[in-house]
Amino acid sequence: MECVDEKALQVENIFLQFLKTFRLPEDGGGGYVPYYEAEVEVMGRNESTTMFIDFSHVMRFNDVLQMAISDEFFRFEPYLRSACKRFIMELNPKFITEDNPNKDFYVAFYNLPLVNKLRELGTAEIGKLVAVSGVVTRTSEVRPELLQGTFKCLDCGTVVKDVEQQFKYTEPIICMNATCQNRNRWALLRQDSKFTDWQRVRMQETSKEIPAGSLPRSLDVILRHDIVEQARAGDTVVFTGTMVVIPDILALASPGERAECQRDSSRQNGMAGQDGVKGLRALGCRDLSYRLGFIANSVQIADGRRNTDIRYKRDAVEDDEQFTSEELDEIQRMRNTPDFFNKLVDSIAPTIFGHQDIKRAILLMLMCGVHKVTHEGINLRGDINVCIVGDPSCAKSQFLKYTAGLVPRSVYTSGKSSSAAGLTATVAKEPETGEFCIEAGALMLADNGICCIDEFDKMDTRDQVAIHEAMEQQTISITKAGIQATLNARTSILAAANPTGGRYDKTKPLKYNVALPPAILSRFDLVYVMIDDPDEQTDYHIAHHIVRVHQKREEALSPAFTTAQIKRYISYAKTLKPKLTAEARKLLVESYVSLRRGDTAPGSRVAYRMTVRQLEALIRLSESLARCHLDTQVQPRYVRLAVRLLKTSIISVESSELDLSEFQEENNDEDGGDGGDGGDGGGNGGNEENASVPENAENRKGKKLKISEEYFQRVTRALVMRLRQHEDSVTREGSELAGMKQGDLIKWYVDQQNEKNNYITLDEASAEVTKLKAIIESLIRREGYLIVVDDGRQEAEAENARPLRNERILAVAPNYVVE
């Protein structure tokens, strides 16, 4: 006689009543609209077999039903499915076709009031309906699972139907034929058995939930039916389902093996006489252990939006998010705020004072450019990569931490403790099946997000090479252990690095300051340098800001927009796909050509060579700026701003100045006799690079003489080459002493500049002479590039006059090599 579960039948009837009668009140009206009848129509359109039920509706409908489902879900689940099938059959009998009369339907609950942490799950939750949140770290492939098997007895041919599987391959205990005693000779009839898709997912605690000093816990989650392939590696998800206890197969696989191993090892150590106990397997001494598993019936992506539709999450593209009218009004209000772009920039990382350029770069990186695909199927990167190089204690890590907390799919990692496999992906062996599977690394987990890498310069060079492909092609290729795969890594990279010498040396270009190869450096769209220069006013404001934050916490900060508003604004802006206008296209080409021209100019010291990657960076930055302004077209002003960002991101640091005051002061007394040298230079065009250098008249009053590093190098190269040419001509003719008078050398340089129309007034020519004398003195005394062959002292003594420096004969030092 079959046992009937009376309570379960009552739960089934109440649940059926709930599906039939539950109505959702309309907002602002007195009428009611049907809810789960519409759900059945959606299931029919999507050809789905899973009915999604909001648990808050159950709580509103009946307390007894809510308690029964939440406390004993595993017991009542078959009856809930039966009620669901009855409801669908009454509403739409055509839902079940003649081809599949035994079609099953499944119930998926979501929106539970309490979401548990992984560490809170224990044996008390076994069989209950619980929700648990965590990060997906590994997903297996989708495999078929036998739910109910139909077996045929090989002795008498009797068919035994619907044998439920108990987490393993379960055959009937004995044949139902009274004359047949068969217990182990069975054949599975596949066409009459019920199979379903299933997938194993490894879930891990989020970093915020891990207590101090603890390792992150992980849990195996089983997904079945329609919800397979909905959770991807790197997603923060909420699984709703029930805890079950399953035997630990690994411990069962070879029982007693540990005891035998101990005996074997002791025998090898000279104790051959003590054989110990054998035959532990036959005796049945088994270390039987169990472990907790989680069978999920719904997957909800935790992206911070409460009203997401969990049915279509697998098919939905990230861009097609729905926004309510209130959110759209708020976004438009933000856009219409006066000076909204600067306010948006100030709202990024409000705890950090200043650094507007870096905040602007992070905002553009969050917006990113538009992803494109060519006709050949080649992906053009839309993500923006940013590198921050700076002195210690410049809040680099604070920027990285803030960005990692702002974006849903983001990973924070440190360069020294990261390997190539940990950053990209690794091939691991599954312990139960022995098959190889791919385990996601940091760049895969941050797909469609941001990967923040701190201490980027401390990474091993072999590990840095691993991210070359991910930074430009945005894929990761793996060929290991018989697995050949190309994985997506569509992520922006925000990297922070320290200069090689501890502090940034302004007199050297970037490549000498950072231990990064040019191949990686060119893949960054923006490279920003943070220099910790002492400045009384800036230091006062920074100290005032930090002390205020420590004293008043949140009250000290008053950003124009909150973090939640910025998130909504960014997610809406990323739905736009701005197109380039004809004017913007023309301006982009001209800007790139002028940048390349400046790159090839003799004596120019740029940080890295301008390549086509920098042109693509300009396009991405322009599109990102258009998104910031909620513009569907890239206007020329966005291009001009992008060019300025690209220039200031690196070249601002390169224009370091040299102080030549010590050499200039000694020349003051001789300036009067040099007017003739610059006399030829009247009325010609101005020298742009020297615009910031003080006039000669001011120098005489004791002002400091400062010139740019680039100007110093260019003048040095010109003077050395002129002296070398003079030496060669003298050597060929053998006419006089190798070398050239300082006055003649200065006169030659001024004549050269005069021919190029670089002087407007006589004062400019006179100032140039003063600087030339200081540079020559520096080349003799500090750099050692020039030597004095004859200082003119003998001639001066013969004439009882003071030796003039302009009469000195100069030559290039023999050890100096022209670069």
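Colleague: What makes the contact between the side chains of Lys747 and Asp751 a salt bridge?

Modeller: This is a predicted model. Its Lys747 and Asp751 side chains are 3.4 Å apart, N to O. A salt bridge needs a Lys or Arg nitrogen within 4 Å of a carboxyl oxygen of Asp or Glu, so the pair qualifies. Both residues lie in helix H28, four residues apart, about one turn of the helix.

Colleague: Why does Lys747 count as partly exposed?

Modeller: The relative accessible area of Lys747 is 33%. Partly exposed lies between under 20% for buried and over 50% for exposed, so Lys747 falls in the middle class. Asp751, with 23%, is partly exposed as well.

Colleague: Which residues are linked with Arg202 in a network of salt bridges?

Modeller: Arg200, Asp220 and Arg291 are linked with Arg202. Between Arg202 and Asp220 the N to O distance is 2.8 Å. That pair links strand S10 to strand S11, 18 residues apart.

Colleague: Is Asp220 buried or exposed, and why?

Modeller: Buried, because its relative accessibility is 12% and the cut-off is under 20%. Arg202, at 24%, is partly exposed.

Colleague: How do you know that S10 and S11 pair?

Modeller: Pairing takes at least two bridges, and seven join S10 to S11, so the two strands pair. They run antiparallel, with Gln199 opposite Leu223 in S11. S10 also pairs in the antiparallel sense with strand S7, over five bridges, and with strand S6, over four.

Conventions: Residues are numbered from 1 along each chain as its sequence is written. This is a predicted model: local features need pLDDT of at least 70, side-chain atom pairs count only at pLDDT 80 or more; totals for chains, interfaces and linings use all residues. Side-chain values use heavy atoms; hydrogens and water are left out. Buried means under 20% relative accessible area, exposed over 50%, partly exposed in between (1.4 Å probe, protein chains only).
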